[in-house]
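Hi everyone, thanks for making time for this.

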Amino acid sequence: MARTRLADAARVARWADAALGPGRDCATSDGKGTLSDTTAERAAADLGLTPAQVRADWDTARLAGLVEVHGDSARPGWRLRAWNRDDSAVLRGWVALFDAWSLAYPEPADREHAAVAEVVSAMPQVLSFLQLSAGPVPVEQLLDLLEQRVTELRTARCEIPYGPQPEPVQASPHSAEDTPLAPLLDWALDALAYVGALTCADGQATLTPLGSWAVWVKLEQICVAAQSPAGNIEQNAEDMLRGCAQLRPNAARAEYRAWLAARTVGSAVTELLEAARGEDALLRGLAFEALRVVGAPAEPDVRAVADETPLRPYALLWLAEHDGADPEDAHEVLTRQEATWLWVDTAAAVADHGEAPLLVRHLESAVQPTVPALLDEVRAIGHPRTVQVLVALAAAHPDPALAKAVRRAAFQVHTGGS
């Protein structure tokens with residue numbers, strides 16, 4: 001169903017990829033992603049559509065992440081690149097469209113913006129009622145629910161705080177309170193039907209299977225946020241990651257989801273990357289595991305930190321997996337130097353938080369074929385924890401000759417010798 005709903009948008013996105021690539025005409029004219037008249041007419045002629053249809057499909061493609069607009073140019077989004085091989089990418093694209101339903105369908109021009117905003121804020125409760133009803137619901141019943149929810153929002157907004165109050169401001173003759181909600185409910189239902197979340201017929205609204213699933217997922221996210229499995233939901237990113245350090249992978253991911261669900265994506269990603277910049281290498285690795293749970297919304301921020309030396313190997317691996325690489329093969333995107341830096345960083349995490357046998361086994365994950373080759377490249381890589389890692393490895397390794405060579409390498413790094 002998600003593929004069907006996004007098929008026209010994907011068609012226009014592919015056309016743009018072929019016709020508006022580097023060195024060709026710009027896709028947009030205003031830096032906001034709106035197609036220029038010339039481009040819309042070209043696409044309409046090539047695809048057998050009207051310019052209005054092209055613009056509508058283009059807007060859908062933008063909201064679904066099939067195209068990404070940067071200034072006056074556009075490029076294919078990762079979901080378009082993964083369209084043929086990854087059903088989850090298509091589904092995520094539709095969920096992004098579902099989340100943006102109020103942008104996908106023009107709002108009534110003659111209504112108060114404040115009233116429109118109130119209806120948008122109240123619709124999650126209406127959708128939850130539809131999902132729990134598991135069948136057609138009369139629109140009149142939904143209108144009653146909407147009016148109750150909007151009244152609650154207005155009451156909460158008008159609560160008088162303690163302390164001195166400013167002089168009352170005279171209400172506008174056309175305030176949101178005077179706006180009838182029935183036409184706005186009709187608009188909201190039409191918009192949700194447009195994105196494929198529900199159907200309306202004979203005065204009743206019914207969630208589609210796709211819409212019912214999406215609402216269920218949103219409800220589950222709310223429940224997860226309200227009941228963090230390990231109790232770290234209120235912690236900052238660094239403390240949350242420390243709390244997850246001893247959890248099994250599945251339990252840790254559940255904790256990441258709970259922590260993320262209680263925050264906006266932007267603030268969560270910023271916190272995680274800040275934790276990754278710290279001195280604790282274990283938190284660096286865990287932060288990027290949490291960013292894998294975030295998924296596509298984290299891509300711009302992860303890409304932006306790929307030039308920071310401590311974060312670069314982690315960011316490159318994240319981006320490779322995000323673009324569809326098998327996690328077992330993703331390491332191939334790293335240069336020898338980047339792989340060596342990551343080996344030292346991971347060894348530092350093991351030395352600080354693991355047991356000696358783990359550090360010895362970590363030798364097997366090095367890209368270098370021999371220990372002498374590893375030591376040569378580790379000494380040259382310039383990682384700030386190199387000496388501590390080598391000293392810990394020498395102390396843990398059962399082979400006296402190898403331990404001696406590792407201690408010598410640690411001494412040479414410490415003294416700057418060769």
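Let me start with one term. By a nonpolar core I mean a set of buried Ala, Val, Leu, Ile, Met, Phe, Trp, Tyr and Cys residues that are joined through side-chain atoms within 4.5 Å. And please keep in mind throughout that this is a predicted model.

First, the overall picture. The protein chain has 21 helices and five strands. It runs to 418 residues, and 43% of them count as buried. If we take the contacts with a separation of 6 or more, 64% of them are between residues 24 or more positions apart.

Now to the cores. Which residues have the most contacts inside the largest nonpolar core? They are Leu-66, Trp-94, Met-123 and Leu-146, in a core of 62 residues. Helix α1, residues 2-19, gives this core its largest share, with nine residues. There is also another core, lying apart from that one; it has 37 residues, including Phe-288, Val-305, Ala-315 and Leu-319. As general background, nonpolar side chains in soluble globular proteins tend to be buried together.

Let's zoom in on Leu-146 for a moment. If we set aside its neighbours within four places in sequence, Leu-146 is in contact with Val-119, Ala-122, Met-123, Val-126, Leu-181 and Leu-185.

Next, please find helix α16, which covers residues 312-322. Is α16 mostly covered or mostly open? Mostly covered: nine of its eleven residues are buried. Those buried residues are Pro-313, Tyr-314, Ala-315, Leu-316, Leu-317, Trp-318, Leu-319, Ala-320 and His-322. What do they pack against? Their partners are α4 (78-81), α14, α15 (299-304) and α17.

His-322 deserves a look of its own. This histidine sits in helix α16, and it counts as buried because its relative accessibility is 12%, while the cut-off for buried is under 20%. Not counting residues up to four places away in sequence, His-322 touches Trp-78, Gly-295, Ala-296 and Glu-299. After α16 comes Gly-324, which has a positive phi near 110 degrees.

Now for helix pairs. In general, two packed helices are described by the angle between their axes and the distance between the axes. For α16 and α17, the axes come within 9 Å and cross at roughly 110 degrees, so α16 is roughly perpendicular to α17. On the α16 side, the contact is made by Arg-312, Pro-313, Tyr-314, Leu-316 and Leu-317, and on the α17 side by Glu-338, Trp-341, Leu-342, Asp-345 and Thr-346. By type, the residues of this contact divide into six nonpolar, one polar and three charged.

Helix α17, residues 336-353, also meets α14, residues 281-294; here the axes come within 7 Å and cross at roughly 115 degrees. Ala-281, Leu-282 and Arg-284 of α14 make this contact with Asp-345, Ala-348, Ala-349 and His-353 of α17. The residues here divide into four nonpolar, one polar and two charged.

Let's move on to some loops. Most residues other than glycine have a negative phi. Against that background, Ala-134 has a positive phi, near 55 degrees. You'll find Ala-134 in the loop between α7 (113-133) and β3 (137-138), and it counts as exposed because its relative accessibility is 71%. Asp-202 is not a glycine either, and its phi is positive at about 55 degrees. The place to look for Asp-202 is the loop between β4 (198-201) and β5 (204-207). With 79% relative accessibility, Asp-202 counts as exposed.

One more loop residue is Pro-398, between α20 (386-396) and α21 (400-415). Pro-398 is exposed, at 66% relative accessible area. How many residues lie between Pro-398 and Pro-357 in sequence terms, and how far apart are they in space? They are 41 residues apart in sequence and 9.5 Å apart in space, C-alpha to C-alpha.

Terms used:
Residues are numbered from 1 along each chain as its sequence is written. This is a predicted model: local features need pLDDT of at least 70, side-chain atom pairs count only at pLDDT 80 or more; totals for chains, interfaces and linings use all residues. Side-chain values use heavy atoms; hydrogens and water are left out. Buried means under 20% relative accessible area, exposed over 50%, partly exposed in between (1.4 Å probe, protein chains only). Helices (H or I, at least four residues) and strands (E, at least two) are DSSP runs, numbered from the N terminus. Contact means heavy atoms within 4.5 Å. Axes are lines fitted to C-alpha atoms, for helices over the stretch in contact, and angles run from 0 to 180 degrees between N-to-C directions. Ala, Val, Leu, Ile, Met, Phe, Trp, Tyr, Cys and Pro count as nonpolar, Asp, Glu, Lys and Arg as charged, and the others, Gly among them, as polar. Angles under 35 degrees count as roughly parallel, over 145 as roughly antiparallel, 65 to 115 as roughly perpendicular and the rest as oblique.
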